[in-house]
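Hello,

Here is the structure I promised to pass on to you. My notes on the ligand site, the cavities and a few backbone details follow below it.

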Amino acid sequence: MKTSSPAARPLHVVAAPAGLKGRVRVPGDKSISHRALMFAALAEGRTQITGLLEGEDVLRTAQAMQALGAEISRNVDGAGKVVWSVTGCGPQGLQEPARVLDMGNSGTGARLLSGLLATRPINTLMTGDDSLCARPMQRVTVPLSDMGARFVTRSGGRLPMAVEGTGNGKAITYRLPVASAQVKSAVLLAGLNCAGETVVEEPVPTRDHTENMLRHFGVPVRVEPLEPSAPQADTGKRISLSGPARLTARDVTVPGDPSSAAFPLVAALLVPGSDLVIETVGLNPLRTGLLTTLAEMGAALEIRNIRTEGGEQVGDLHVRAGPLKAVDVPAARAPAMIDEYPVLAVACAFAAGTSRLRGLGELRVKESDRLASTVALLQANGVEVETEGDDLVIHGVGARGSATTGAAIGGGQVRTRMDHRLAMSAIVLGLAGGKPVAIDDTSFIETSFPAFISLMNELGAGLQVP
Ligand code: S3P
């Protein structure tokens, strides 16, 4: 299992020589992959996982769960399909790891694992790379401390961190102060090992993979509207589970990651002459904000063959290049597309008119300060952009941005700041624009989409890896 930090990989991107064409699949959903490994490691019995994302972030979680006592192996079946097999720790519980758990670049890995460890009677040490060690952990350590765990962090609540778990955790009711599925999941995972009812109230719904997958592993999770009498009763949710709860092994099929699909999708919308099908993409409604937004921009985008695979709704995205118009994205949509803003911002740069993406405060605490790094990406490439509070305002140039019409966009040097999504967004911008783009480091793409460059080249991107 390879988890070493890759050396810097610069890339010089020029416009795609022709349209991007073909049928592809993107790798497994990152959120679902982390959860599949963690829940299988807690469960009693053996879980087989197909479609697992084999990116750095998820491999770190696999290593951590092994260190905690789960048996994990990667096998290839008779048909050539990769199957990950996890024998969980079950009722005998997690073992105390002998070494520091290094979660690499992964906020999801670190935060969900904090929840899982908080109410187990073991002590653990956790760290990450420079990006992860700069990200706030208080958002999970505050509620988890209320549940009885003790944490020692670096100042500012940053990793590295020591977790002193409790065997006597206290079930709490916690109202999320930020719209974060990671925080929701951390509290629910801690609640699995507390006597009584753990409740998370989320005023703004966030991705519900934890709730869905806990049910899949046999844990009843209740979801009710929050404050049924309030005017916005249909938006908030009250999520609860009763502990102690036991998980039973169940096989998992991981759908394609809509957040990874976003990159070839936007590239195909922008590179003239493109016609692309991306198969078997997860369509969980709490993840499809980008598809809604691109439809509002007039994208030639169709969702075909919608079906259910492994309990998740999936479909094939058919996309063709065409003109886009500016869009105003409401803040309430942010959780359903939180990881897609950098590449949406690239689409807005090539759209006709001024776009406003609202309520993006949470982008400041992603793998990089994504609000700042998205602004820098666009400005370096000649796009007029500004922030107003938590809103991003992008003055699109329409078709004038592309290579075929006079090359208004491109020509910049981009710093990707250890952020995979920034790197892939910069590549999309370079493929669609008219002037070459120099990217300092694409190595972090390994965290979520290791085959991204080769997949883009199969479609005709012509990326020259040095
Ligand atoms: C994730 C939730 C999101 C997202 C991240 C994955 C998850 O983070 O940005 O990439 O799997 O729960 P927040 O919940 O902090 O917004």
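Let me start with the ligand site: helix H1 (30-42) and helix H5 (181-191) each supply at least two residues of the shell around the ligand. Helices (H or I, at least four residues) and strands (E, at least two) are DSSP runs, numbered from the N terminus. Before you go further, please note that this is a predicted model, in which local features need pLDDT of at least 70 and side-chain atom pairs count only at pLDDT 80 or more, while totals for chains, interfaces and linings use all residues. Residues are numbered from 1 along each chain as its sequence is written, and side-chain values use heavy atoms, with hydrogens and water left out.

**The ligand site**

The shell is made up of Lys30, Ser31, Arg35, Thr108, Ala179, Ser180, Ala181, Gln182, Arg207, Ile338, Asp339 and Lys366; a residue belongs here if one of its heavy atoms lies within 4 Å of the ligand. H1 gives the most to this shell, with 3 residues. By class, the shell has 3 nonpolar, 4 polar and 5 charged residues. Domain 1 (11-27 + 255-458) and domain 2 (30-253) each contribute at least three residues to the shell, with bounds from an automatic or database domain assignment.

Which side chains place a polar atom 2.7 Å from an oxygen atom of the ligand? Ser31 has one at that distance, and Arg35 has one too. An N or O atom in the side chain of Lys366 is also 2.7 Å from a ligand oxygen. Taken alone the ligand exposes 380 Å², and the protein buries 95% of that (Shrake-Rupley accessible areas with a 1.4 Å probe).

**Cavities**

Points are joined across faces, edges and corners, and a volume is the space filled by probe spheres set on them. How many cavities of 30 Å³ or more are there? The count is 2.

Helix H7 (258-270) and helix H8 (289-296) each supply at least two of the lining residues, and H7 gives the most, with 4.

The second largest cavity has about 30 Å³ of space. Asp29, Ile32, His209, Pro255, Pro258, Gly282, Leu283, Asn284, Arg287 and Glu312 line this one, giving 4 nonpolar, 3 polar and 3 charged residues.

**Backbone details**

- The peptide bond from Leu159 to Pro160 is cis, with omega near -5°; Pro160 sits in strand S9 (residues 158-164).
- The bond from Gly243 to Pro244 is cis as well, with omega near -5°, and Pro244 is in the loop between strand S13 (237-243) and strand S14 (252-253).
- Thr280, in strand S15 (residues 275-282), has a positive phi of about 55° although it is not a glycine.

Best wishes

Conventions
Polar contact = N/O pair within 3.5 Å; in protein donor to acceptor, adjacent residues only side chain to side chain. Nonpolar A, V, L, I, M, F, W, Y, C, P; charged D, E, K, R; others polar. 1 Å grid on protein atoms, 1.4 Å probe; cavity = no way out; pocket = protein on both sides within 12 Å on 5 of 7 lines; lining within 4 Å.
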